[in-house]
Amino acid sequence: MIWFTSDLHFNHANIIKYCSRPFADAEEMNNTLISNINEYVKEDDELYVLGDFAFLNRATFEVGLELFNRIQCRNKTLI
């Protein structure tokens with residue numbers, strides 16, 4: 001199956017307030033979003049992330065990579 005998503009905003013604490021997301025903090029949001037993706041997107045599916053993947057800078061790039069790698073789908077494309 002082919003899946004598309006966007007605007008995940010991993011690691012972006014203020015997006016919780018801006019968009020009224022039901023999370024206490026960015027860590028809870030990150031974990032819930034990854035869990036939800038992994039529930040539906042299977043290992044052999046294709047997942048395209050169409051933008052706004054995470055709120056990162058040079059110092060937190062590794063955090064973003066770790067979040068991306070926690071998505072269990074092997075065929076992921078970040079656009």
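**Figure 1. Overall view of the predicted model.** Of the 79 residues of the protein, 33% count as buried; buried means under 20% relative accessible area, exposed over 50%, and partly exposed in between (1.4 Å probe, protein chains only). This is a predicted model, in which local features need pLDDT of at least 70 and side-chain atom pairs count only at pLDDT 80 or more, while totals for chains, interfaces and linings use all residues. Residues are numbered from 1 along each chain as its sequence is written, and side-chain values use heavy atoms, with hydrogens and water left out. Three helices and three strands are present. Their order along the sequence is β-α-α-β-α-β. Helices (H or I, at least four residues) and strands (E, at least two) are DSSP runs, numbered from the N terminus.

Figure 2. The C-alpha atoms fill a box of roughly 35 × 30 × 20 Å along the principal axes. The radius of gyration is 12 Å, which agrees with the value near 12 Å for a compact globule of 79 residues. That radius is taken over C-alpha atoms, and the globule rule is 2.2 Å times the number of residues to the power 0.38. Accessible surface comes to about 5200 Å², and 52% of this belongs to carbon and sulfur atoms. Areas come from the Shrake-Rupley method with a 1.4 Å probe; for residues, only the protein chains shown count as cover. The protein has 7 positive and 12 negative side chains, and the centres of the two sets lie 3 Å apart. Lys and Arg count as positive, Asp and Glu as negative; His and the chain ends are not counted. Each charge is placed at NZ of Lys, CZ of Arg, CG of Asp or CD of Glu.

**Figure 3. The largest nonpolar core.** This core has 17 residues, and Leu8, Phe10, Met29, Ile37, Leu47, Phe53 and Ile71 touch the most other members. Two or more residues each come from helix 1 (13-18), helix 2 (26-40), strand 2 (46-49) and helix 3 (61-70). Helix 2 gives the largest share, four residues. A nonpolar core is a set of buried Ala, Val, Leu, Ile, Met, Phe, Trp, Tyr and Cys residues joined through side-chain atoms within 4.5 Å. In soluble globular proteins, nonpolar side chains tend to be buried together.

Figure 4. Contact means heavy atoms within 4.5 Å. Beyond its neighbours within four places in sequence, Leu8 is in contact with Arg21, Leu33, Ile37, Val49, Gly51, Asp52 and Phe53. His9 sits in the loop between strand 1 (2-5) and helix 1. His9 is buried, because its relative accessible area is 16%. Not counting residues up to four places away in sequence, His9 touches Ile15, Arg21, Met29, Asp52, Phe53 and Ala54. Across the protein, 67% of contacts between residues at least 6 apart in sequence join residues at least 24 apart.

Figure 5. Phi of Asn11 is near 65°, a positive value in a residue other than glycine. Asn11 lies in the loop between strand 1 and helix 1. At 25% relative accessibility, Asn11 is partly exposed. Asp52, also not glycine, has a positive phi near 50°. Asp52 belongs to the loop between strand 2 and helix 3. Its relative accessible area is 45%, so Asp52 counts as partly exposed.

**Figure 6. Pro22 in its loop.** Pro22 is placed in the loop between helix 1 and helix 2. Pro22 is exposed, with a relative accessible area of 70%. Thr5 is 17 residues away along the chain, and the C-alpha atoms of Pro22 and Thr5 are separated by 19 Å.
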